[in-house]
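Dear colleague,

My notes on selected parts of it follow directly after.

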Amino acid sequence: MPAVVSLREVVDHLSFILDEFVTYLNRETGAIVTVAQDDLSPAPPDDEDARDYPDWQQELKAEAEAVLNSDAYLPLPGKFDIHEYAILQDYSHSIADDKLRNVLLDKIHGAGAFRRFKNAVHHFGLAEDWYRFRDQALKEIAVAWLERNGIDYTDDTERPRNKRGSAGAPQRT
């Protein structure tokens with residue numbers, strides 16, 4: 001019987017993607033594993049250095065090998081599938097206040113756009129709203145990916161509201 005996957009766990013993994021790693025979902029067990037790109041390249045059989053690896057590194061290599069040698073593992077969407085820049089744009093365009101919208105749109109151009117944008121949302125008190133928007137976008141990407149791959153999931157992504165509720169959150173159009 002195929003596993004039922006936690007949507008929250010998939011979204012959490014999508015929210016933290018690094019170039020040096022690939023995250024996989026085992027469609028049979030529901031386990032999510034993250035593997036270093038370096039570990040995905042098997043060492044040659046006569047590589048004596050691999051035998052000298054510490055236990056923890058040999059375990060990581062074995063896990064990577066299991067991923068490579070099994071049809072059960074599917075790579076989760078990567079940064080090119082997620083298009084975080086488009087999510088920044090969508091959020092900026094969703095702000096009803098023209099001046100604030102234009103400030104955010106201005107921040108996402110050129111080198112350092114992600115850092116400038118995050119500094120701005122914190123400066124204007126929009127961080128909570130931004131992360132909620134981003135989580136929803138990642139949730140939609142995760143749901144589409146899970147459904148496209150025929151993977152059952154449970155929607156356990158609802159987070160309890162904080163004591164302030166949505167007070168102070170900007171209006172979105």
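In this predicted model, Lys99 and Asp106 are exposed on one side of helix α6, whereas Leu100, Arg101, Leu104 and Leu105 are the buried residues of this helix, which spans residues 98–107. Seen down the axis of α6, these buried residues fall within an arc of 135°, so they line one face of the helix. Their cover includes α5 and α7, the latter comprising residues 113–123. At the start of α6, a side-chain oxygen of Asp97 comes to within 3.1 Å of the backbone nitrogen of Lys99.

Ser92 belongs to helix α5, residues 84–94. Its relative accessible area is 0%, and it is therefore buried, the limit being under 20%. Leaving aside residues up to four places away in sequence, Ser92 touches Arg101, Leu104, Leu105, Ile108 and Phe117. A polar atom of the Ser92 side chain also lies 2.9 Å from the backbone oxygen of Leu88. Between Ser92 and Asn102, the C-alpha to C-alpha distance is 7.8 Å, with a separation of 10 residues in sequence.

A further site concerns Asn26, found in strand β2, residues 21–26. Asn26 is buried as well, with a relative accessible area of 6%. A polar atom of its side chain lies 3.1 Å from the backbone nitrogen of Thr29. Beyond residues up to four places away in sequence, Asn26 touches Ala31, Ala72 and Tyr73.

Yours sincerely

Definitions and conventions
Residues numbered from 1 in each chain as written. Predicted model: local features only at pLDDT ≥ 70, side-chain atom pairs only at ≥ 80, totals over all residues. Heavy atoms only, no water. Helix = DSSP H or I, 4+ residues; strand = E, 2+ residues; numbered from the N terminus. Buried < 20%, exposed > 50% of the residue type's maximum accessible area, 1.4 Å probe, protein only. Contact = heavy atoms within 4.5 Å. Polar contact = N/O pair within 3.5 Å; in protein donor to acceptor, adjacent residues only side chain to side chain. Arc of directions from axis to C-beta.
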